[in-house]
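Subject: Structure handover

Hello,

Here is the structure I promised to pass on. Please open it alongside this email; my notes follow below.

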Amino acid sequence: MAKFLVQKSGPLEGDVTISGSKNAVLPIMAAALLTEDKCVINDAPALRDVDVMCRLLESLGASVNKNLECNTVEIEACGELTWEAPFDLVKMMRASILVLGALIVRTGRATIPLPGGCAIGKRPVELHLKGLKALGVRIDEDQLARGIVDASADKLEGSIIYLDFPSVGATEVIMMTAAMAEGTTAIENAAQEPEIVDLANFLNKMGARIKGAGTDTIKIDGVDSMKGVSHHVIPDRIEAGTFMVAAAITKGSILIRNVVPDHLKAVIAKLRECGVVIQMTDEGVLVRGDVNEMISTDIKTLPYPGFPTDMQSPFMSLLTVAKGPSVVIETVFENRFMHVGEFNRMGANIKTDGNCAIIPGDKELQGAQVVATDLRAGAAVVLAGLVAEGTTEISQIYHIDRGYENFVEKLRTLGANIMRVDEL
Ligand code: EPZ
């Protein structure tokens, strides 16, 4: 299995261009099932998860032409689709559940085996199913008990749906399904992430009538048909945040191109509290960790617009070396501190109690053999390796390949001592 070898690096300096958002492109690819026309998705990042979604859509009967060298994916879901998602693909990516709604709209049926829990939590889908049932979808409870979502519907009718938690995936699945249900649907306590807005914009281009995306209440007036469109995916705010932390932790200066600062308000605010200088320029966002000493701050993850859970582990790498103690509280996922053990192997001396982590800070990290425990934690240990004495050897880097396009190349261009090696 391939590994990353990371050596202590000087300040990272230069420009980096952010890729299209993984968490925007995946639901948009699923939504392309809602029309028999061709959809052209631009700025699709060349990621393992995008590959898996392409293979999943093909397995359902769509024709997919991916040209990830120029970051384009064409999807044409014409003709008969099958409603059964193959387990060997679904188990590779939890986001496969995103095809659930569109499949029911197209075929009246969907059978999707649920992958088990993952490193960061159980990942239940009861809110997705609550919304679908409200729209008239029947769920086979015996199959569900066996971990298979077996859904069918003769007719989809709009409804008012309250989400007990503003689930991103549930909001997306319900929005896609309601887009072609008869009548009006309201999603209350909806997720407000920028990726929800990007999906709504894509659906509205296709002919949907969605209002309020980006707020906690989304109104959808169902339509009879949707057409093929082309769309540019928003930049990946979590990749952008990761490179902002890279500038901070290495005391460097990085110009981040293709980023929407509004999507990163919480992350920018917290980095500024640590002493990072962040300037908006016409070219992009200039992030400077070379002006002030890095000092600690406290983090509490929340649904958008709060501090994003996906930035919790990358930000924690900065807190391990910042001056002073800090507290990190993870409220979105129930098991998202797997990276703490890896940071402690490097000398961070972090203590955790439930969803709370205490980071003493002021540490001189030491290189170690560590594991990428999930996609964002993998990026986090890379950042820590850039400032640790000696060599940090990171395994299970397939997690990182899921969500960071050309991560090694982008870091090396900025001066990072990092290389990918295939295990001998
Ligand atoms: C999306 O996952 C993202 N993935 C995640 O990014 C991100 O961390 C998460 O949203 C939160 O922002 C994609 O967009 C592909 P949720 P999703 O449903 O939709 C609980 C990354 O690193 N919940 O908002 O699965 C759930 O258990 C990935 O890029 C229920 O309890 O997130 C979790 O604790 C990781 N019941 C919380 O809500 C449900 O029915 C947030 O889940 C659904 C969710």
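Predicted model: local features only at pLDDT ≥ 70, side-chain atom pairs only at ≥ 80, totals over all residues.

Glu364 sits in the loop between strand 20 (356-359) and strand 21 (369-371). Glu364 has a relative accessible area of 58%, over the 50% cut-off, so Glu364 counts as exposed. Setting aside neighbours within four places in sequence, Glu364 touches Met346 and Glu389.

Which residues lie 44 places from each other along the chain, with C-alpha atoms 8.7 Å apart? They are Glu364 and Thr320. Glu364 also pairs up in this way with Val321: 43 residues separate the two in sequence, and 6.8 Å separates their C-alpha atoms in space.

Val321 belongs to helix 11 (residues 312-321). Its relative accessible area is 24%, so Val321 is partly exposed. Beyond four places in sequence, Val321 contacts Ile249, Asp362, Lys363, Leu365 and Val387.

**Helices 11 and 13**

Val321 brings us to a helix pair. Two packed helices are described by the angle between their axes and by the distance between those axes. For helix 11 and helix 13, the angle is about 25° and the axes are 7 Å apart. Helix 11 is therefore roughly parallel to helix 13. The crossing of helix 11 past helix 13 is right-handed. On the helix 11 side, the contact uses Ser313, Pro314, Ser317 and Val321. Helix 13 brings Arg376, Ala377, Ala380, Leu383, Ala384 and Val387. Sorted by type, the residues of this contact are seven nonpolar, two polar and one charged.

**Helices 9 and 13**

Helix 13 (residues 375-387) also packs with helix 9 (residues 237-249). Here the angle is about 15°, and the axes lie 10 Å apart. That angle makes helix 9 roughly parallel to helix 13. Helix 9, too, passes helix 13 in a right-handed crossing. From helix 9 come Ile238, Thr242, Val245, Ala246 and Ile249. They meet Arg376, Ala379, Leu383, Ala384 and Val387 of helix 13. This contact of helix 9 with helix 13 divides into eight nonpolar residues, one polar and one charged.

**Salt bridges**

How many salt bridges are there? The count comes to 24. Here are some of them.

- Arg402 and Asp49 form a salt bridge, with their closest N and O atoms 2.8 Å apart. Arg402 is in helix 14 (residues 398-403) and Asp49 in helix 2 (residues 48-59), so the bridge ties together parts that are 353 residues apart in sequence. Is Asp49 buried or exposed? Asp49 is buried, because its relative accessible area is 0%.
- Glu182 and Lys155 meet through their side chains at 3.3 Å, N to O. Glu182 lies in the loop between helix 7 (168-178) and strand 10 (184-188), and Lys155 in the loop between strand 8 (148-152) and strand 9 (160-162), so this pair ties together parts 27 residues apart in sequence. Lys155 has a relative accessible area of 42%, so Lys155 is partly exposed.
- Arg209 and Asp221 form a salt bridge, with closest N and O atoms 3.9 Å apart. Arg209 is in strand 11 (residues 209-211) and Asp221 in strand 12 (residues 217-221), so the pair links parts that are twelve residues apart in sequence. Arg209 is partly exposed, with a relative accessible area of 47%. Asp221, at 22%, also counts as partly exposed.
- Asp15, Arg257 and Glu283 are linked in a network of salt bridges.

**Helices 5 and 6**

Next, helix 5 (residues 126-134). Its buried residues include Leu127, His128, Leu129, Gly131 and Leu132. What do the buried residues of helix 5 pack against? Their partners are helix 4 (100-107), strand 7 (138-139), helix 6, strand 8, strand 9 and helix 7. After helix 5 comes Gly136, with a positive phi near 105°.

Helix 6 (residues 141-145) is where Gln143 is placed. Gln143 has a relative accessibility of 17%, under the 20% cut-off, so Gln143 counts as buried. Not counting residues up to four places away in sequence, Gln143 touches Ile148 and Asp150.

Best wishes

Note on methods: Residues numbered from 1 in each chain as written. Heavy atoms only, no water. Axes fitted to C-alpha atoms, helices over the stretch in contact; angles between N-to-C directions. Helix = DSSP H or I, 4+ residues; strand = E, 2+ residues; numbered from the N terminus. Parallel < 35°, antiparallel > 145°, perpendicular 65-115°, else oblique. Left-handed = near helix turned anticlockwise from the far one by under 90°. Contact = heavy atoms within 4.5 Å. Nonpolar A, V, L, I, M, F, W, Y, C, P; charged D, E, K, R; others polar. Salt bridge = Lys/Arg side-chain N within 4 Å of Asp/Glu carboxyl O. Buried < 20%, exposed > 50% of the residue type's maximum accessible area, 1.4 Å probe, protein only.
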